[in-house]
Each structure stands twice: as C-alpha cells, then as structure tokens.
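Please open the structure in a viewer and keep the selection tool at hand.

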Amino acid sequence: MQNNRSIYYQYREPSPLRSLWLHMNTNPFAVAAFYIFSFMLLAMILSPIIAPYSPDAQFSDAISQPPAWHDDGEIRFLFGTDDLGRDLLSRVLSGAVYSLGYPLMATAAAAFIGIAIGAWAGMSRGVQSSTLNHLLDVVLSIPSLLLALIIIAILGPALHTVMIAITIVLIPQFIHSVHNAFYEERNKEYVIASKLNGSSRWYILTRVIFPNITSVVVMQVTFALSTAILDIAALGFLGLGVQAPAPEWGTMLARSLDQVYLLPWTMVLPGLALFLTVLSINVLGDSLRAAIQERIRGS
Amino acid sequence: MLRYSLRRIVLLIVTLWLLSLLIFSLNYWYPGNAVTNMTGISASNPLAYQEVYVARGFEDGIVTQYGEFIRHLLQGDWGLSLVTQQPVFAEIKPLLGATIELGLLAMFLAMVLGIPLGVYAAVQQRGPMDRIVMGVSLSAYSIPVFWLAQLFILLFAVKLGWSPISGQINPLYAIETQTGSILIDIWLSDSQFKTAAFYDALNHLWVPVIVLAMMPLTMLIRIMRNAVLDVLQQNYIKAARARGLSDSTIMFRHTLPNAMQPVVRQLGLQFSVLMTNIVITEVIFNWPGLGSWLVKSIYERDFPVIQAGLLILASLILLVNLFVDLLHAWRYPQVRKEIDAE
Amino acid sequence: MFKQLMVASGTLLLAACGPVQTDSEVYQDGLVYCSEGNPEIFNPQLVTSGTTVDATSAQLYDRLLDYDAKQQQFVPALARGWQSFDDGRRYRFNLRKDVNFHHTDWFTPTRTFNADDVLFSFQRWLNEQHPYYPVNGGRYPFFRSSGLIRLIEHVEKIDDYTVDFHLAQSDSSFLANVATDFAVILSEEYGQQLIAAGNPEQIDRLPVGTGPFAFELFRKDFVIRYSAHKDYWREQPEIKTLVYVITPNANKRMLKLLTGECDVIPYPLVNELSQLDQDAQIEVGSSVSPNVSFWAFNTKQPPFDNVIVRRALAHAINRPAIIQTIYSGNARLATGMLPETSWAYSPVQQTYPYDPAKARELLAEAGFPNGFSMDIWAMPVQRAYNPNAQRMAELIQSDLAQVGVQANIVSYEWNTFRQRLVEGEHDSVLIGWVADNADPDNFFRPTLSCAAARSGNNRAQWCNPEFDRLLIEAIAESDLDQRKHLYQAIEDFVMQQAPLVPIANSLRFQAHRDDVEGVELPPYGGINFRYARRIKDAPL
C-alpha cells in the first residue's frame, strides 16, 4: 500500500473501503464495469430529460422502424420503433427506472432492514443467535424467485407488489451475511479492547465493528442488486411482474417475442441493456470479492 | 458422523414443520375462502363444501385446523385443483419426474464441463486462457436465463433447425407418461418405435439442458478455480513438490481431492440456483414439470396447486441440501468438527 | 464418481448431436395441431368458448344435421331427413341406423345410436329435473342465450329412429341452432353406466361420441390425443392419430410451424403473414368468418351506466389506426354488429368517428371534466376477430390518455378471464363474437339480450327491454326485406345506446405445412380434421 508519495513519510492505513477502491483501480475490467454502471445510473436518473420521446408515445407514421444504422432506419428513432410505433431508445431509457431504479430501491430497503436485524442478531449470543442462523440457512436455500412468486400469488401482479416481494426476499441474505460478519468480528482483540475501555454497545456496534464489515456489506449489496434486477425482469418476463405497457425490460422482452421474426431489434435491445447492467454489477461484485480476499490474505 | 447426521435431520424436520406452517397460513392470506383454498371445493357446491368444512376442522379452532391440515397432507389428500377439479396429489409424480430429469442432466453437464475448465483456468492462472475462460464465464453468468433460452431457440431451432422448439417429445410417439422422466418412460413403454422416440426425446432435451446448465456451470468454474488456487498455496503441496512428485501426481492425487471440498459444499446452493432457473426454463420450453405447473397455477389463481408446487419444490431443495451436507460431512471429516464445535 | 458422470453425459451429448432418424410411419399417419389453449371440458354443450369447440365438436361428436356453407343449406348428419309440421311448430327427425359410438378403455357400447341418445342429449339441458342437468356446472350458455332452451317445449320419441321436437312458436333460426357445434349427440348408454357407477362427472371428461375421432388422453397445458374412430359411419378419416399440442404463445406457434413441429396452427400472427407466405413450405389459408370484435362496457358499473360516457369513449378511440396496427389491414372497420357478409347488413355511415375534442366535451357534459380511471380487460389469447387484444388495449390506453381517461390493462388466464367476465367484475373488455349460424339474430341475442345478461355472456351486462322487444319482432318476421329493415333499426339502437363499440370484422386465418391438406374451417366456428390428410410423396 505504498500509495503515499509526499516528502514526509507518513504512512496512513487506508480505510477498508478505500483500500478496496485502490485495489479495484488496478483491475481494468472493474474500472470498465464501474463506468458502465455509472453510465446506466446516470441514464436512469436523467431519462426523463434525455429520452427523446415519452415511452408511451405512439407514432402511427413510423411503425416497426428498424434502428437508424439500418437502410430503412430514420435518425429520429436511433434504436428504431416497436410494432406500435413507440421509440425504442426512449423505452429502454425509461425502462431503466423500472429495471434498475426499482431494484436499487428494493435493495436499499432490504439492506436497511437486513443490516439492522443482522447486527442485532450478531451482537446477541446463545440459542437465539444459533437458531436464527439455522433458520436463515434454510430460508436462503429456497430460491428468491420462488418466494417472490408466492408473494405475488397472494398480492396479485403489479409494480408495488413486485417491490414488496423482492424486498422481503432480499432481507434474509443481508441478515445472514451481516450476522456472520459480526459473529466473526465480535471476538477479535480490537473489539475486546474497546469493550474493556468501557464503550457502550451502540458505540461498539456503529463505530468499532461496522467500519470493518462495510466491505462485506458492499459486496452483499452488489449481489442483492443483481438478484433484484434479474428477479424483477424474470417476473416481468413471466407476466407476473410490472405490467405492460410499462417499459420494464423483462416485460418488453416478453412482448417483443411476438415480433421477434420481423423486428429482432425489439428483443435484442432490452435484453442487451439487462445483460450489460447485470454484467457490470457482477464484475464490480467479483472484483470486490477478490479485493477483500486479497486484503485478508495480506493482513 | 452420527451425531452430525442426527443434528442435521432434526434441523430438516424443524424446517419442514416451519414450511408446513407457512403453507398452512398461506391458505388464509390468499384472497378468498380458506376452506376453498385448501381443498379446491368452492362454496357454490354446498354439500361437498359442508363435508370438507367439517373434515378440515373449521368448526373448531385454528389448532385443530392445522392438525387436520397436516393429517390430510400426510395422507396425500392435497385437495382438488380449482381449475380442473382433479386431485392435485395425483398430478405431482410425472411433473416431479420431468423436473428432476431436466435438473439432473443440467447438473451433470455443469459438473462435467465446469470442473475441468475450472482446473484448467487455475493452472493457467493469469494466462490468456484463464482470462478468456473467466471472462466468458462471468458474461455467461450475467445473461438472464430467459433471454438466453430465447436466443438459443432462435439460433438452434429456428435458424439452424438442429432441434425442436419446445416440448419433451414429438407427441405422435404415443409414449405413456409413467414416471414423467421422458427417457425412462420411453424405456418402460411398449412402443414399437422405441429407438426413434429415444432419439427424438434427446433431440428435445439438449437445448434446455444447456440453457439450464449455463449458470451452475459458470459458478462451478469460478469455485473450482479459486479452490485449486487455494490448495496450490498450501504447505503440503509445496512439500509434495519438494519431494519431487510429478505435476500430474500433485494435481490428481493431492490437489483435486482437496479442491473438491468447496465444490461439494456449494452443490446445494447450485441446486437452488438451478431450481430458480428451471421454473423459467420449463415455461419457455413447455416442459411438463413442476416449474411450469407452478407458474401456470399462479396465472390461474389455482391456490391448491400453488401450495403443492411450493411445498414440493421447497422440500426437494431442502432434501437435496441435506443430502449434500451429509455427503460433504462424510467425505470431509474435518468439517464435522467445525460444525459440531459451534 | 465424477469420471462415470463424465462418460455418461458425454454419450448423451454425442447421441443428441448425431443424425436424428425419424420413423416416417409415425409422422405419415399422424397430424399435430397446435391449438391456442386448453378446452375447459370435452362437451361443447357446457361452454361457448371457441377453443373448446375446436377441440371437441367436429372431432368427437356429430349433430343431427350439418350446415353446408358452400351450398348454404342444411345437410343430413345423424338425422337422415326432417320435416316440419304445424306451421313450423313441430319438427320430425328420421334418424340414421348403424351409427357406432366410440369403443374406448372406459366404455364399450352394446348398441348403436338411436332415439334414446337424442332424447338424452337434448333433455340434459332442456329438463332441469334430468339427472345430468346439474352435472359439471349445468350452465348451458349457448342454449340459454340463443333462447333454444325456451323455444323447445319438449322432445318426443316416436319410435327408435324417429324423434319429434315441439316448439313454443315457429322460429326461423331453429334448424340453424340445431346444426351448430353446440347441439352434439352424447351416448345415453354411457350416461346410464356412469350414473350406476356414481361418477356422472366423467361424461364430459372422458367423452364418448359418434364423431370421426375417439378421445384418448388429455394432459392439461400440454397435449390432447385422439385416434381415428375405426367404425365411423361416414368415410374413415385418413389420419390415424390426431394430436393437439397446446401452445398459447402465438409466436411460438408460428415458429413451431416453421420448424415442422406443428402441421396446422390457428390464428397465425397477422403481422408475420407476409413472412410466412414467402416460405414455400407453408400455406396460409383464410376464410371469411362472420365475426366482430368489440369493446364492451360493463353498463352495470358506474360511470359506464351513463350513455354519454360510453359515447365519449367511443369517440375517443382511433379505430382506423387499430385496424392498421393490429390487423395489418386484414380486417374491415366494423360499422355495426353485423359484418358485411351477412344478408341483413346494410351500409351505414360511421356514427362514432375519432374525435378526441368531442370526447372531452361529452365527458365534461357527463360530469367528468378531468376524466377518470378505468380498467380495460384484454383477452390473453388470439381469436379470429382479434389477433392481439393486449396490444389493442395498449393502443386504446394511449388514445384514452389523450382525453384524460387513465386506463389500466387487466388480463388473466383465458378460462379465469371468462369466468370473471361472467361475474361482471370488469369495467370494460376487449372481446368479440363469432356467429354460430347464418342467422343475423345470432349476432344480437347471444351477445346483448337480457337473457344473455343473465347467463353472463352479455359482456356489457346490458339489459334493455326495448332492445329485446325489437329482437323478438325481427325473429318472428318471415319476410326477408322486412327483417333486414328491422335489423337495421336494431343496429341503430345499439349504436345510439353504445353498450359496446364495434371495432373490426376480420378474416379468419389458419396456416399449415404444405404436405397437409383437407383441414376445414367451417365459417361458423370450429375446425374439422375429418378430411385432413398428408400428401404422401411430399419430402419430409
């Protein structure tokens, strides 16, 4: 970690997060993934401004236009239009809100709840904790999509029920990883030292242990996010998620299948957007994991 | 080992009990009438309704109802489908057979390709081939399974004509459904076109199997690569090198058996992933298995079927996890100590 | 352990990639029809859905008489002939002898078809005391909404091969209704056996009929299998095995036709028809189908009980654009319920042109200046009259947004969808109607009358005594010109009240591999495989 080039030698141990960041910067794939993901995020946030048209606007004079680089394409519809004459670029951009924005929200909500419960469970000991652990192991072995399907069977398919389902489904993963991380950290010397200093439980929880498990949390967030994106898209694809005509990528994909022979671009584009987003998140998560391993090995 | 096994089995029983509680409460959470959701008999048929109302303990409290629920469950009386009014339990066997056949074949394929590729990537660590294998596996891991399935159908079935689009077998072969697993059914059948039917079934199988194997395959490659790298850094490998053993002996006698440990541990998780994807794959390939059955029952709001689908899929996953855990503990005794000591 | 697995999977893969031999005998004698959905039950008496009719009526059963669309006349079937007496208030049918019922695993007939079977089949839905009346729901929607249930007073057996039908009044549509796909003949002997066995429900689930194909097996969502009826009283069907593969997805159906997994498919995607036509191995057939697709409002539900709101919505949607987009021009804009092909049709000017400004004005007049929010139910399946209701709903949704009405699109699995429609849970629905017979009455009575509202088939839940009076007046009239005039008045009335907005009259399409011929699409619904055959010399 010889990153300090100032004249005065002063070595400062970077924080766990910062050291991860430094490590990831050495991996070109991770950097690329980071830029792709940031681009997707930016596109999502700015989609109402940068989308050329409303995602639901139908241009009856431009039905089934191929993308602009095709001979029959028009420059005003860069990615072409679908069979109802809706601009595909606008739809994919606006779809990012459903396919990236909502998973982000679900992940954030699940992280908040899951970390709180996980930290509480990690700090307590004995039967309570071991029971929870076993239970979680079991719950986690049931696929998240299956649980989401059941919740949707109860509530009916709609945007808000999908959000509820995905959030609920993600919570156990957070509890599990945070709980395990706490469990490992809480008997380490530095925590005991802090305890001997008479710090309160709250202080130990938030200021002593938590900074040391942020890397685990970040990794879990990337994992949960890719799960959430894929699950929401899969539900949309099965017709049990966000309902058409909302430009959710999975729903768009399912719809595009009717014309896949004539309008292949309506199938390729949402799928590609989905693939790139998930890939960038997975690459980020993967390099995080590698960085964490490296750090543990190094220490 | 015995202690560990017992402990693990008790845990399974507790879990199954919790699962039954969950499924029991689902009956009350689903829209509509709990008796109908449980039995598939609607109140518009007053005679039969009254009968099941009493039989399911609805005249008494919730505890009796739960007791009756478990009793009926164990007796194989899982109610009637709301749509077809046919007993749900009788439908399960062929569906389970079809799902397991698809899942097992995909798992085999994933292991057969994933383990050698993982080892290969580890041996070539940081070499170009390692990068390629890992890059491809990470990309393949990120492809949504429904998109992949559609692309494969378009490529292999429509463009190239190498395989049919969906289904288990050409229905003109009158193969009687007994186990649900098409290959076994053909073998059991007395059709005069057995060989042709067998080839036709294989021809239907390979695309869904590859689609399904993709995700566990990519994960296995990564797990295997990391495991081999870990083992290669161990002192006993260095010691073996120092003793002058050949590379292949080190690999096959010392590295691989130890590197398999995390792979075996992860098999249960891989199976869960596989089951998620099997739901979607079955829908796309019209595979007559549990996954497509469950999804259709959700479309049709057929609550007795939804419950049965959930129960069977979840129990299957739990059982496989138990099996993998026991196998793991039996094969790698050092793990048992860790678990027992907790 | 892993090594063995490796070897096992290796062989599997090799085997899968090797040359696939097909046993041509299996393919030559069989036919695969990729149908669009599950039949609800195997007896068309109990339902009106086209999917069920396609799967049962012409395959498993026969009727007393058939309608020959080419010659536009009734032809003998199980009845060799018929006469009418008493000014058309009594019909006598002479029955055919030596007609065999299916011999199946679950039923062995000991006698051939006779008058008891006719009585049984008609009494089942005519007589509420009949032991089979309540079996499997006992709704009989076609007979109820067509009025046949009240028209036939009783059926009388004269001798073993002669039956008399006594009618309440003379009715010009009686023969047409008896020749529909719904008036099938069941086996009385089978019915008795099932009663004795205490299992009457089985009659509609393991069916027995006299038709050209015998039922073998049904796996919901996957397959129905029929085998040729060996002792069929007409010419034997050429194909030995008929398989319905249930393929709800229109795109998958078309792709499976391209790969040869399906021999015949219904409702090919109109958008891709041109593409299909270029492929030399596939033939697309179209036939004129007396149908109309419409957007019906649930008139029991506010605000749709207000006629001004209904008219406003009719003005709000751009129907010519729908015809262009959804039907790719393969349909005519409907001006009323009756299609152009009906003899009672007369050209009228379109009363609800696309006019969003007018729509907004009317909405304000009805007390909704800011619009409201409503549900559009869109069918999950393709029908002859509507190839893609979901997309149509999306078009309508965006049209409605222009006038401030916020629409949600609702859809369920097809059988659930129709059940919920019958219960009137919808605000509005995109659906349609295919006529069961050539009589114009069939376009109005089963869809909009009070009787239809009671049986749930009236998608608008609309019951207007004035309308019913006009219908009765028209059906009692025997002079064609006069009747045509009356139906025009009915059209005007419907237009003015707007319980529904007619959208399109469409052609009915079917596509098949070019080595298959003889698949018949009778204009009044159903599909007939009796004459289907494979051209032997065609390369597979």
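This is a predicted model: local features need pLDDT of at least 70, side-chain atom pairs count only at pLDDT 80 or more; totals for chains, interfaces and linings use all residues.

**Stop 1: Chain B as a whole**

Begin by selecting chain B, which has 342 residues, 48% of them buried. Chain B contains 14 helices and zero strands. Its C-alpha atoms occupy a box of roughly 85 × 55 × 40 Å along the principal axes. Of the contacts in chain B between residues at least 6 apart in sequence, 68% connect residues at least 24 apart.

Next, colour chain B by domain: domain 1 covers 2–74 and domain 2 covers 93–301.

UniProt, in an unreviewed entry, gives the feature "transmembrane region" for residues 9–30, 102–123, 135–158, 205–224, 267–285 and 305–327 of chain B. Select residues 102–123 of chain B: this span is 100% helix and 0% strand, with its end C-alpha atoms 32 Å apart. Then select residues 205–224 of chain B, where the span is again 100% helix and 0% strand. The end C-alpha atoms of residues 205–224 of chain B are 27 Å apart.

**Stop 2: Annotated spans in chain A**

Move to chain A, for which an unreviewed UniProt entry places "transmembrane region" at residues 29–51, 100–123, 135–156, 162–183, 204–230 and 262–285. Residues 100–123 of chain A are 100% helix and 0% strand, and 33 Å separate the end C-alpha atoms. Residues 204–230 of chain A are likewise 100% helix and 0% strand, with end C-alpha atoms 36 Å apart.

**Stop 3: The nonpolar core**

Which residues have the most contacts inside the largest nonpolar core? They are Leu149(A), Ala106(B), Leu220(B), Met224(B) and Leu430(C), in a core of 338 residues. Helix H9 (residues 194–232) of chain B contributes the most to this core, namely 23 residues.

Centre the view on Met224(B). Leaving aside residues up to four places away in sequence, Met224(B) touches Gly114(B), Ile115(B), Gly118(B), Val119(B), Ala259(B) and Val263(B).

**Stop 4: Where chain C touches chain B**

Now display chains B and C together. Their contact involves 34 residues from chain C and 31 residues from chain B. On the side of chain C that touches chain B, at least two residues each come from several elements, including helix H2 (24–28), strand E1 (30–35) and helix H15 (414–422) of chain C. Helix H1 (2–17) of chain C also belongs to this group, and H1(C) gives the most to that side, with eight residues. This side of chain C comprises 17 nonpolar, eight polar and nine charged residues.

**Stop 5: Where chain C touches chain A**

Chain C and chain A meet through 15 residues from chain C and 15 residues from chain A. On the side of chain C that touches chain A, two or more residues each are supplied by H9, helix H12 (319–326) and helix H14 (389–402) of chain C. H14(C) provides the largest share, six residues. By class, this side of chain C holds five nonpolar, seven polar and three charged residues.

**Stop 6: The domains of chain C**

Domain 1 consists of 1–57 + 211–281 + 514–540, domain 2 of 62–192 and domain 3 of 291–507. The contact between domain 1 and domain 2 of chain C takes 19 residues from domain 1 and 21 residues from domain 2. On the domain 1 side of this contact, helix H3 (50–60) and strand E8 (213–219) of chain C are the elements that give two or more residues. The residues on that side are 11 nonpolar, seven polar and one charged.

**Stop 7: Pro207(C)**

Finally, select Pro207(C), in the loop between helix H8 (188–197) and E8 of chain C. Is Pro207(C) buried or exposed? Pro207(C) counts as buried because it has 26 C-beta neighbours inside 10 Å, and the cut-off for a buried residue is 20 or more.

Pro207(C) touches Phe42(C), Asn43(C), Leu60(C) and Phe215(C), residues up to four places away in sequence not being counted. Phe107(C) is 100 residues from Pro207(C) along the chain, and 9.4 Å separate the two C-alpha atoms.

Definitions and conventions: Residues are numbered from 1 along each chain as its sequence is written. Chains are lettered from A and ligands numbered from 1 in the order in which they are written. Two residues are in contact if their C-beta atoms, placed from the backbone, lie within 7 Å. Helices (H or I, at least four residues) and strands (E, at least two) are DSSP runs, numbered from the N terminus. Ala, Val, Leu, Ile, Met, Phe, Trp, Tyr, Cys and Pro count as nonpolar, Asp, Glu, Lys and Arg as charged, and the others, Gly among them, as polar. Domain bounds come from an automatic or database domain assignment. UniProt positions are given in the numbering used here, feature names are shortened, and annotations may be inferred rather than shown by experiment. A residue is buried if 20 or more other C-beta atoms lie within 10 Å of its own, exposed if 12 or fewer, and partly exposed in between; C-beta atoms are placed from the backbone. A nonpolar core is a set of buried Ala, Val, Leu, Ile, Met, Phe, Trp, Tyr and Cys residues joined through C-beta atoms within 7 Å.
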